[in-house]
Amino acid sequence: MSITIVGGGAIGLATAWRAAQAGHDVTVVDPDPGRGASWAAAGMLAPVTEAHYGEEPLLALNLAASEQWPGFATELAEASGMDAGYRRCGAITVARDLDDQAALAELFAFQQGLGLAVQRMTGSEVRRVEPSLSPRVRGGVFASEDHQVDNRALVQALVRAAGRAGVTYDHRRVARIDCHGGRVRAVVTEDGHRLQGDTVIVAAGVGAAALPGVPEGVVPPLRPVKGQLLHLRGVPAACPRLGVVRGLEVYVVSRGDGRVVVGATMEERGMDTTVTAGAVMELLRAAWELLPGLAELELLEATAGLRPATPDNAPAVGPTEIEGLHLAVGHFRNGILLTPITARTVVAGLDGPLPDLMAPFSPDRFRTAAARR
Ligand SMILES: Cc1cc2nc3c(=O)[nH]c(=O)nc-3n(C[C@H](O)[C@H](O)[C@H](O)COP(=O)(O)OP(=O)(O)OC[C@H]3O[C@@H](n4cnc5c(N)ncnc54)[C@H](O)[C@@H]3O)c2cc1C
């Protein structure tokens, strides 16, 4: 099958790699592969600490995604010759004060109720696990099954692995997707070039919302949720020992080699990716309150990216009512975590039913009953 993938973020690249491995002829169209939200992200693989009230169906998918990561990371390293920095590190969420303690107690009860692997710790216990925590920290919850990957290394490895598997890159921007007669006909680039094939997979992150030519209602409404995030650097001994330390307002991801990521804001401001002084100040203040030693590190970069979010905050993955048009969009806060499982299921859904775990996340769920008739 010849497949055109619109968008080469983590989702599009991993899908391209898997599709090429399955014997398809694949082209990724993206002016700047790997530089969207997947570049801006923190790389936490956090089904447990990212479990939110009302999002229980997504939890099963996130947990299954997490289980696929060890095999995926090994296979990607072999295929690319590059290390994506997958680290089984666990994550601790800590409380600064009594209010945080109360919120954390509630969170712990919620996580326990879901049967998740979490452990409550006192202040002295958390400081034993992470000696650089402030003496003011009162306690925490440890999630042993939350891990991390270096998302920038990940997209670079995916570009390489997909290329080696035979994927072609077209560095043009897609202007529209030509659909008529209930079928996808071509992907048209800004300079008018038409890429014709059997199948088009839209994996354009927040860009998927603005692709003319696709009939209304086929791509679910997508809202960009801006995240600002900082990169720090120091000698490894000056960085947190634990891979992920979270407060209720901030998270700190320590790569283990002196690189530290501090994130992230959640802002709904359209397509704006401006880095603001206020966000930088708030992120540093919140991180410093938990880990005072961070003040000694070098501030390398402040960046912002746009999380692609659907109305129910879960992804939209699989075939659409337009023959030959598939979606892999809306991965919101967990797109890096969901990369391996999305790639596998999109490819499975090309010529068969979507695997059970992904079935609840079909794009069809956003269509009104009237549109379905
Ligand atoms: C600050 C921040 C922190 C995050 N932290 C985490 C985290 O710790 N863990 C986690 O799992 N997730 C995290 N996320 C979420 C995660 O980054 C996203 O869910 C994921 O990267 C989405 O991947 P994607 O491939 O769909 O989109 P993107 O990475 O945005 O890729 C979309 C691609 O489509 C291309 N494109 C768009 N329009 C067009 C067009 N018209 N023509 C051609 N190409 C086009 C873009 O150039 C881009 O390369 C974070 C996000 C942000 C912003």
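Reader: Is C179 buried or exposed in this model?

Author: This is a predicted model. A residue counts as buried when its relative accessible area is under 20%. C179 has a relative accessible area of 14%, so C179 is buried.

Reader: What is the relative accessible area of C89?

Author: The value for C89 is 13%, so C89 is buried as well.

Reader: How many disulfides does the model hold?

Author: Start with the general idea. A disulfide covalently links the sulfur atoms of two cysteines. The test here asks for two cysteine sulfur atoms within 2.5 Å. By that rule the count is zero. Take C89 as a case. Its closest cysteine sulfur belongs to C239 and lies 14 Å away, which is too far for a bond.

Reader: How do side chains sit along a strand in general?

Author: In a regular strand they alternate between the two faces of the sheet.

Reader: Which strands are joined to β1 by bridges?

Author: One is β2, residues 25–29. Five bridges join β1 and β2, and the two run parallel. V6 has V29 of β2 as its bridge partner. Another is β12, residues 199–202. Four bridges join β1 to β12, again in parallel. There, T4 has V200 as its bridge partner.

Reader: Where is A16, and is it buried or exposed?

Author: A16 is found in helix α1. Its relative accessible area is 0%, so A16 is buried. Compare sequence and space for A16 and T27. They are 11 residues apart in sequence, and their C-alpha atoms are 7.6 Å apart.

Reader: How do I read a helix by residue spacing?

Author: An α-helix has 3.6 residues a turn, so residues three or four places apart point the same way. Now turn to helix α6, residues 151–164. Its buried residues include L154, L158, A161 and A162. N151, R152, A153, V155 and A157 are also among them.

Reader: What is the strand order in the open sheet of three strands?

Author: The order is β9-β10-β11, with antiparallel pairing. The edge strands are β9 (174–180) and β11 (194–195), each pairing on one side only. Two bridges join β10, residues 183–189, to β11. V188 has R194 of β11 as its bridge partner.

Reader: How many residues surround the ligand, and which are the closest?

Author: There are 38 residues around the ligand. The closest are D30, S38, M44, F332 and R333.

Reader: Which polar backbone atoms lie by oxygen atoms of the ligand?

Author: A polar backbone atom of I11 is 3.2 Å from a ligand oxygen. For I336, the distance from a polar backbone atom to a ligand oxygen is 3.0 Å. A backbone N or O atom of G335 lies 3.1 Å from an oxygen atom of the ligand.

Conventions: Residues numbered from 1 in each chain as written. Predicted model: local features only at pLDDT ≥ 70, side-chain atom pairs only at ≥ 80, totals over all residues. Heavy atoms only, no water. Pairing = 2+ DSSP bridges. Expected span 1.5 Å × (residues − 1). Buried < 20%, exposed > 50% of the residue type's maximum accessible area, 1.4 Å probe, protein only. Near = heavy atom within 4 Å. Polar contact = N/O pair within 3.5 Å; in protein donor to acceptor, adjacent residues only side chain to side chain.
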